Amino acid sequence: MRHDYVLQNSGGIGRASAKRLARLGCNIAVHFHKAESIANELVKELHGLGVEAKSFQADLSTYDGVRQLHAQVTGWRGQIDVLFNNAGVTTKFVGADGNIEDVSPEEFEATWRSDTGTHYLVRLRVVFPMRN
């Protein structure tokens, strides 16, 4: 059985993807930042599909949060075979009403770290070892 690591799957695309992977026989590590009850509901649904699932809390806007989540998930199931990373943030500056000129360097950096920097660290921890 494969061991999957699905990030930010307490709702929407991540939730649907976790359920689809479970139907394919994958065990699922359910990540959440603040929505613990929603993540635990999903874990119950995944158990009902006949796979192992467990929820893990982490703040993926920080590199330490990524490291913590990776250590917890690999401690639970070992090497990760499939990664679905749907984590990310948006700000009030995104979309038709947004104005890039209103984004401070600090807000830009925080968004970049959450949406790009931490994804790179996930790849270092998860994807590159898959090649071995």
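This is a predicted model: local features need pLDDT of at least 70, side-chain atom pairs count only at pLDDT 80 or more; totals for chains, interfaces and linings use all residues.
**Figure 1. Arg67 and Asp64 sit 3 residues apart in helix 3 (residues 63-77), about one turn of the helix.** Helices here are DSSP runs of H or I with at least four residues, strands are runs of E with at least two, and both are numbered from the N terminus. The two side chains meet in a salt bridge, with N and O 3.1 Å apart. For a salt bridge, a side-chain nitrogen of Lys or Arg has to lie within 4 Å of a carboxyl oxygen of Asp or Glu. Asp64 is exposed, at 57% relative accessible area, and Arg67 is partly exposed, at 36%. Residues are numbered from 1 along each chain as its sequence is written, and side-chain values use heavy atoms, with hydrogens and water left out.

**Figure 2. Arg15, Lys19 and Glu45 are linked in a network of salt bridges.** Start with Glu45 and Arg15, whose side chains meet with N and O 2.4 Å apart. This pair links distant parts of the chain, since Glu45 belongs to helix 2 (residues 36-48) and Arg15 to helix 1 (residues 12-23), 30 residues apart. Glu45 also forms a salt bridge with Lys19, and here the closest N and O atoms are 3.0 Å apart. Because Glu45 lies in helix 2 and Lys19 in helix 1, this pair ties together parts that are 26 residues apart in sequence. Arg15 is buried, with a relative accessible area of 17%, while Lys19 is partly exposed at 23% and Glu45 is partly exposed at 30%. A search of the whole structure finds 4 salt bridges.

**Figure 3. The largest nonpolar core has 13 residues.** A nonpolar core is a set of buried Ala, Val, Leu, Ile, Met, Phe, Trp, Tyr and Cys residues joined through side-chain atoms within 4.5 Å. Ala22, Ile28, Val30, Leu42, Leu46 and Ala53 have the most contacts inside this core. Helix 1, strand 2 (27-32) and helix 2 each supply at least two of its residues, and helix 2 gives the most, with 4 residues. Take a look at Leu46: leaving aside neighbours within four places in sequence, Leu46 is in contact with Ala18, Lys19, Ala22, Ile28, Val30, Val51 and Ala53. Contact means that heavy atoms lie within 4.5 Å. A second, separate core of 12 residues includes Ala58, Leu69, Leu121 and Val122.

**Figure 4. Thr118 and His119 are two buried residues of helix 4.** Helix 4 covers residues 105-130. Thr118 has 3% relative accessibility, and His119 has 11%. A polar atom of the Thr118 side chain lies 3.2 Å from the backbone oxygen of Leu60. With residues up to four places away set aside, His119 touches Asn85, Ala87 and Ser114.

**Figure 5. Tyr120, Leu124, Val127 and Phe128 make a nonpolar surface patch of about 330 Å².** Patches are made of residues with over 30% relative accessible area and no salt bridge; like charges are joined within 9 Å and nonpolar side chains (Val, Leu, Ile, Met, Phe, Trp, Tyr) within 5 Å. Phe128 is placed in helix 4 and counts as partly exposed, at 33% relative accessibility. Accessible areas come from the Shrake-Rupley method with a 1.4 Å probe, and for residues only the protein chains shown count as cover.

**Figure 6. The whole protein chain has 4 helices and 4 strands.** From the N terminus on, its elements run β-α-β-α-β-α-β-α. Buried residues make up 34% of the 132 residues. Among contacts between residues at least 6 apart in sequence, 66% join residues at least 24 apart. The chain exposes about 7,500 Å², and carbon and sulfur atoms supply 52% of that area.

Key:
Buried means under 20% relative accessible area, exposed over 50%, partly exposed in between (1.4 Å probe, protein chains only). A polar contact is a pair of N or O atoms within 3.5 Å; within protein, one must be able to donate a hydrogen and the other to accept it, and residues adjacent in sequence count only if both atoms are side-chain atoms.
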